[in-house]
Amino acid sequence: MKFKNMGKKDKVEDIEINVEEAINEATQTEEISVEDQLKEELGKEKDKFLRLFAEFENYKKRTTKERMELFKTAGQDVIQSLLPVMDDFDRAIHEISKTEEKELLTGVELIRNKFKSTLNSKGLEEIAVEIGDVFSADEHEAITQIPAPSDDLKGKIVDVIEKGYKLGDKVIRFPKVITGF
């Protein structure tokens, strides 16, 4: 034992030194652990802030995109309700062209062209469909099937009943067609 040859006074001093060292050590450890805890909490708060900021940025982008889509298709209902009028103009021009009334045909064509250009300026596009095109259920709406007039029209479009239209990138009315079998 270390204390056998020591006097009482030396023993007490040695114990006091050991206690002071232990207190200093505990205080330093406490200070270090408090500092570490604060750094850890700061790191957590920074992470939380960055996640919240990223979430807010995503929200802004999403709402901006939704707003742009809304502006693009804001008049979709109105334009869809005007499509039968466009069909009526096409039928009128077809029937008037059979008569001798060239001035009437010119007048109706002018009105139709102005109406069509107004709708086109709002983003309306006609979907091009020709007789003889391959039928696709994703792009066309088949009204009926008839026996193909020729072998090369089997599984293809035989007649277009109603034109299809897109508003921007969205199809608002699929072309109605008759297919051959």
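## Ground rules

Because the model is predicted, local features need pLDDT of at least 70 and side-chain atom pairs count only at pLDDT 80 or more, while totals for chains, interfaces and linings use all residues. Residues are numbered from 1 along each chain as its sequence is written, and side-chain values use heavy atoms, with hydrogens and water left out.

Helices (H or I, at least four residues) and strands (E, at least two) are DSSP runs, numbered from the N terminus.

## Helix α2

Let's start with helix α2, which covers residues 76–96. The helix has 21 residues and reaches 30 Å from its first C-alpha to its last, close to the 30 Å expected at 1.5 Å a residue; the expected span is 1.5 Å times one less than the number of residues. There is a bend of about 30° at Leu82, and a proline, Pro84, follows within four residues. The bend at a residue is the angle between axes fitted to the seven residues ending there and the seven starting there.

Which residues of α2 are buried? They are Gln76, Ile79, Leu83, Met86, Asp87, Phe89, Asp90, Ile93 and Ile96. Here, buried means under 20% relative accessible area, exposed means over 50%, and partly exposed lies in between (1.4 Å probe, protein chains only). An α-helix has 3.6 residues a turn, so residues three or four places apart point the same way. The cover over the buried residues of α2 includes α3, β1 (124–127), β3 (157–162), β4 (164–167) and β5 (170–173), judged by contact, meaning heavy atoms within 4.5 Å.

The structure holds 3 aromatic pairs. Rings of Phe, Tyr and Trp (its six-membered ring) pair if their centres lie within 6.5 Å; planes under 30 degrees apart count as stacked, over 60 as edge-to-face and the rest as tilted. Why is the pair of Phe89 and Phe115 tilted? The ring centres of Phe89 and Phe115 are 5.9 Å apart and the planes stand at 45°, so this pair is tilted.

The pair links distant parts of the chain, with Phe89 in α2 and Phe115 in helix α3 (residues 102–121), 26 residues apart. Both Phe89 and Phe115 are buried.

Strands β1, β4 and β5 form an open antiparallel sheet of 3 strands in the order β1-β4-β5. Its edge strands are β1 and β5, each pairing on one side only. On average, neighbouring strands of this sheet are turned by 40° against each other, direction ignored. Two strands pair if DSSP finds at least two bridges between them; β4 and β5 pair in the antiparallel sense over 3 bridges, with Leu167 opposite Lys170 in β5.

How does α2 sit on these strands? The helix lies across β1, β4 and β5, running at about 50° to β5. Axes are lines fitted to C-alpha atoms, for helices over the stretch in contact, and angles run from 0 to 180 degrees between N-to-C directions.

## The mixed sheet around β6

A second open sheet of 3 strands has the order β2-β6-β3, with mixed pairing. The edge strands here are β2 and β3, each pairing on one side only, and the twist averages 25° from one strand to the next.

Strand β6 (residues 176–180) is mostly covered, with 4 of its 5 residues buried. Strand β2 (residues 141–146) pairs with β6 in the parallel sense over 5 bridges, and Ala142 has Val177 as its bridge partner in β6. β3 and β6 pair in the antiparallel sense over 4 bridges: Asp159 stands opposite Ile178, and Glu162 has Lys176 as its bridge partner.

His140 lies in the loop between β1 and β2 and is buried, with a relative accessible area of 9%. Its contacts, not counting residues up to four places away in sequence, are Val129, Val134, Phe135, Ile157, Phe174, Pro175 and Val177. Val158, in strand β3, counts as buried at 13% relative accessibility. By the same rule on sequence neighbours, Val158 touches Ile131, Ile146, Pro149, Leu153, Ile178, Thr179 and Gly180.

The C-alpha atoms of Asp152 and Lys61 are separated by 50 Å, and the two residues are 91 residues apart along the chain.
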